[in-house]
Amino acid sequence: MFAPPSDTALESEFDCLMARAGLTIPPARRAGYLAAFADLRSQIALLHTTRSAAVEPSNVFRLVSPESTR
Amino acid sequence: MNPDQPSIAEMGRQLRAGTVTSLALTRDALARIEARDGALHAFILVTAERALADARQADSDLAAGHDHGPMHGIPFALKDIYDTAGIATTCHSKLRRHHVPEQDSVVAAHFAEGGAVLLGKLATHEFAIGGPSFDLPWPPSRNPWNTEHITGGSSSGSATAIASGMLRMATGSDTGGSIRGPAAWCGLAGIKPTYGRVSRRGVFPLSWTLDHCGPLARSVEDAAITLQVMAGHDKQDPASADVPVPDFRAGLVRGVAGLRIGIPRAFFAAAKMVTPEVLAAIDRAAHLLCDAGAKVEDVALPDYAIFAAAGRVIMLSEAFAIHRIDMQNRLLDYAEITSGRFVLGAVITGPDYVDALRARRELTDAVNAVLSSCDALLTASSLTTAPRFDAVPDALSSLSPMQTIPFNVTGHPAMSVPVGLAADGLPLSVQIAGRPFDEPTVLRIGRAIETLSGWENVPLPAG
């Protein structure tokens, strides 16, 4: 079950992710982006359901033989 | 000046009958742009000389018996993320202000081969995501129905240009609703065809697996004619589908008798933002279709929130992958809204993205299952009419008035079609979605709603 982190933990996580991505966030924008991060984090949690390993991602692809493209 | 121009089909008839020339149509369109665009900001660039040259060529070809098809001699414009050889393609961004492609996008080439007349490049939300924004080299376009209101995005200039009568159709792109949203809020027909129906090559990507190219148009018939020119297999676009292109106009007037249409009511009925007028508009469309012989019934799809989450995670991840280097080095050159959205792509992990792709497969299967027992879906395009510029919902929030992203996630064809005007004088629309590569049925239902609702007799707002 998704448990929202504390504000401090959320800020630390955000700062860490920004550093990992090589992004420098202007101080004036940080609060807005942080709020959006918290919102997105909740939305992502909706996708963390238990799925069978048989549920494959949509980008699994198939190759075709050269003959079939001629 | 009459705010409305003749339909594309009517212009075509007049051109072939010799009662009008492409040059006259083009001069009229340029005069409309001159008269209205100063207040509306639909265009980033008007290519008047190119347009006049295209028009002369179209007239010359037709006189010589060379008819290039349904868009021959018809003025049009391209959203400014479609590459145009020798003409700047800016993505409405400071970062690409001086970018001049060497080649046409495939769609631009199709229009050129089809004898259409390029009027210019149209405003967009920056990189098809960041708007409406006032911190860019060009202002955001305004809604012709009320200029204090936004058009929606990202194909904002396309919607403005058509709804103000500057032209009958324009191209858009749709990653989460960027064709259907502006079409809904500006009273237009806007179709996002099936993923793979129209080549994306030469169109600046926002999210490779969600991006769709398609038209916005004054009417469903205009949209069908335009899609005819845009569609087709492209071996060099890895998403392009090698499937036959049907005649999109052939079934437009067949009516809807016998069709089964499902309403995924849980998508919108209890949504936070939905207005009573939008609910009434959907009910009205359903009643009109019923009265015309369709069987309309509620259907169940997975929770809307899962579609929205999967779509947003995929979009933001792929967009950040595209913009990572510029975001690291030139973040302040993006509009604040754009950079705020791209930043969110940096917080999504690999497993989050894979979860979204796994959800996508399940969601696509679920929509296909419902469409195995009905011909199409009827749902909301938007939960509201167009908001005012000073009351735009938080651009970084997961809450959105748009209800369009499910069919970007699944790739099914979907269209916005207007059904009337709300009490505030702004257009109300509904959305039709259909089976993969069955745009003809989507267009047919859209045309029926347009006719039965009386929308086809609603004039454009006077300038």
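Predicted model: local features only at pLDDT ≥ 70, side-chain atom pairs only at ≥ 80, totals over all residues.

Author: B:Pro427, B:Ser429, B:Gln431 and B:Ala433 point one way from β11(B). B:Leu428, B:Val430, B:Ile432 and B:Gly434 point the other way. In a regular strand, side chains alternate between the two faces of the sheet. Both sets in β11(B) are buried. The strand spans residues 427–434, and eight of its eight residues are buried. Strand β11 of chain B is thus mostly covered.

Now the pairing partners. Strand β9 of chain B, residues 376–380, pairs with β11(B) in the antiparallel sense. Five bridges make that pairing. Within it, B:Leu377 has B:Ala433 as its bridge partner in β11(B). B:Ala433 belongs to the set with B:Pro427, B:Ser429 and B:Gln431.

Strand β10 of chain B, residues 414–421, also runs antiparallel to β11(B). Seven bridges join these two strands. Here B:Met415 stands opposite B:Ile432 of β11(B). B:Ile432 points the other way from B:Ala433, and both residues are buried.

β10(B) and β11(B) form a hairpin. Five residues lie between the strands. At B:Gly425 in this hairpin, phi is positive, near 80°.

Last, the contact between the chains. Chain B gives 31 residues and chain A gives 26 residues. On the side of chain B that touches chain A, the elements with two or more residues are α9 (304–330), α10 (336–345) and α11 (350–371) of chain B. The largest share, 11 residues, comes from α11(B). That side of chain B divides into 18 nonpolar, five polar and eight charged residues.

Terms used:
Residues numbered from 1 in each chain as written. Chains lettered and ligands numbered in written order. Buried ≥ 20, exposed ≤ 12 C-beta atoms within 10 Å, placed from the backbone. Helix = DSSP H or I, 4+ residues; strand = E, 2+ residues; numbered from the N terminus. Pairing = 2+ DSSP bridges. Contact = placed C-beta atoms within 7 Å. Nonpolar A, V, L, I, M, F, W, Y, C, P; charged D, E, K, R; others polar.
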